[in-house]
Amino acid sequence: MNIVIIGPAYPYRGGLSAYNERLARAFEEAGHTVTIYTFSLQYPQFLFPGKSQFLEEKPTYELNIKRAVNSVNPLNWLKVGNEIKKLKPDFIICKYWLPFMGPAFGTILRQAKKNKHTKVISILDNIIPHESRIGDKPFTKYFVKPIDGFISMSKKVHNDLSLFETQKPRLISPHPIFDNFGEMVTREEALNYLKLDPKYNYMLFFGLIRDYKGLDLLLDAFAEKALKDKDIKLIIAGEYYTDKKPYLELIEKYQLEDRIIQAEKFIQDSEVKYYFCAADLVVQPYKTATQSGVTQIAYHFNKPMIVTDVGGLKEMCPDGKVGYVVPVDKTLLAEAILKFFNENQQEKMIAHIKEEKKKYSWEILVENVFALHSKIESNQ
């Protein structure tokens, strides 16, 4: 089949780009033709909270990526939509994660579908954003209308979709394993690369730092006396997309400076393996969530994890097997961390991880996309 994916891709950085590119490769491996339409302008710089929107490294594989979509130019939306209309792809995959993109994507998809052939499937990261803004509901409603079928990656998003649409075909297909960050390296190699002392155990908080991800909760937990007496250090690896001052003040308040390693930057793809392979435990203390790509990187590198009981996180982390699920509570989070290290849970959990992650292949996602496409065709 001829497939178009619309959304972030190289040279743009981040988990959305990594997802779209890995999905394109999975379609190509199954024998299909794929074109990714990414942005010529993704976010105006004044709206972007980070230092750069772009990757410093080139990808290690070639894909057909067209930089075409300007997220704020309605004339561009019509132009891109008409171009895709003439391509007559069998279907379009359009990721949705932020209502800001609703007008651009909604217009492009309406134009593209005028060829009376192309169907549209949206893979939903969120349908209700983590951080609400004016215009969220009308932008999302506008986006949803031209979609023919939906794939949600968690039950929460699947349920949230009913606030906007109840009739069109839909299914749940969890986020596949993020296996595009290279193979595992030894703990020794990872610690050497990051210049870390092997006498300590390490926890990892990974990814762009936003308030809803609960780094403050983790710092509160890490300051508990029982943890202070342990040879455990916390690696915080990611760029701040929020005011970092409150977090630095917590570190100073609890006198955690010597127990924290801060890699305050966007972690390039080639470096991701070192952070995960140096860590004994990955912690996701989110206050709200749908699902998380960090979980699927942890699975790839066989890393036990602690997640909070919010959104769809617990769906991906069977409690007591691949890690622990805890309420959003600093004391209970600290107790779970202590339990993991005190009871030497690592090897037992790694065995469960190796079995559990078989559920999350890209081949399964591709099969689900085609199953949904068939259902859409049979309904029309």
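Into which domains is the chain divided? In this predicted model, the chain is divided into domain 1, which covers 2-176 + 361-378, and domain 2, which covers 187-359. The legends below take up several close-up views.

**View 1. The two domains and the interface between domain 1 and domain 2.** The C-alpha centres of domain 1 and domain 2 lie 29 Å apart, and 23 residues of domain 1 are in contact with 23 residues of domain 2. The area buried between these two domains is about 2000 Å², and carbon and sulfur atoms give 50% of this area. Across the interface there are seven residue pairs in polar contact, both residues being at pLDDT 80 or more. On the side of domain 1 that touches domain 2, helix 5 (residues 155-160) gives the most, with three residues. The interface of domain 1 and domain 2 is also crossed by one salt bridge.

**View 2. The largest nonpolar core, with 67 residues.** Within this core, the residues that touch the most other members are Leu23, Phe27, Ile93, Leu204, Phe206 and Phe276. Helix 15 (residues 362-379) gives the most to the core, with seven residues. Because domain 1 (2-176 + 361-378) and domain 2 (187-359) both give residues to this core, it lies between them. In soluble globular proteins, nonpolar side chains tend to be buried together. For a closer look at one member, Leu23 is in contact with Ile5, Ile93, Ile123, Trp362, Leu365 and Val366, when its neighbours within four places in sequence are left aside.

**View 3. Ser292 in a loop.** Ser292 is placed in the loop between strand 11 (281-284) and helix 11 (293-300). Is this residue, Ser292, buried or exposed? Ser292 counts as buried because its relative accessibility is 8%, and a residue is called buried under 20%. The side chain of Ser292 reaches the backbone nitrogen of Val294 at 3.0 Å. If residues up to four places away in sequence are not counted, Ser292 touches Gln284, Tyr286 and Leu313.

**View 4. The salt bridge of Glu83 and Lys66.** The structure holds 17 salt bridges, and in the one formed by Glu83 with Lys66 the closest N and O atoms are 2.9 Å apart. Glu83 belongs to helix 2 (residues 74-87) and Lys66 to strand 3 (residues 65-70), so that the pair, 17 residues apart, links distant parts of the chain. Glu83 is partly exposed, with a relative accessible area of 29%, and Lys66 is partly exposed as well, with a relative accessible area of 34%.

**View 5. The salt bridge of Glu264 and Lys244.** The side chains of Glu264 and Lys244 meet at 2.8 Å, N to O. Glu264 lies in the loop between strand 10 (260-263) and helix 10 (269-278), whereas Lys244 lies in the loop between strand 9 (232-237) and helix 9 (245-253), so the pair ties together parts that are 20 residues apart in sequence. Glu264 is partly exposed, with a relative accessible area of 31%, and Lys244 is partly exposed, with a relative accessible area of 33%.

**View 6. The salt bridges of Lys225 with Asp229 and of Arg13 with Glu239.** Side chains of opposite charge can pair when their charged atoms come close. In the salt bridge of Lys225 with Asp229, the closest N and O atoms are 3.1 Å apart, and both Lys225 and Asp229 are exposed. In the salt bridge of Arg13 with Glu239, the closest N and O atoms are 2.6 Å apart.

How values were computed
Residues are numbered from 1 along each chain as its sequence is written. This is a predicted model: local features need pLDDT of at least 70, side-chain atom pairs count only at pLDDT 80 or more; totals for chains, interfaces and linings use all residues. Side-chain values use heavy atoms; hydrogens and water are left out. Helices (H or I, at least four residues) and strands (E, at least two) are DSSP runs, numbered from the N terminus. Buried means under 20% relative accessible area, exposed over 50%, partly exposed in between (1.4 Å probe, protein chains only). A polar contact is a pair of N or O atoms within 3.5 Å; within protein, one must be able to donate a hydrogen and the other to accept it, and residues adjacent in sequence count only if both atoms are side-chain atoms. Contact means heavy atoms within 4.5 Å. A nonpolar core is a set of buried Ala, Val, Leu, Ile, Met, Phe, Trp, Tyr and Cys residues joined through side-chain atoms within 4.5 Å. Domain bounds come from an automatic or database domain assignment. Buried area is the accessible area (1.4 Å probe) that two parts lose on being put together, summed over both. A salt bridge is a side-chain nitrogen of Lys or Arg within 4 Å of a carboxyl oxygen of Asp or Glu.
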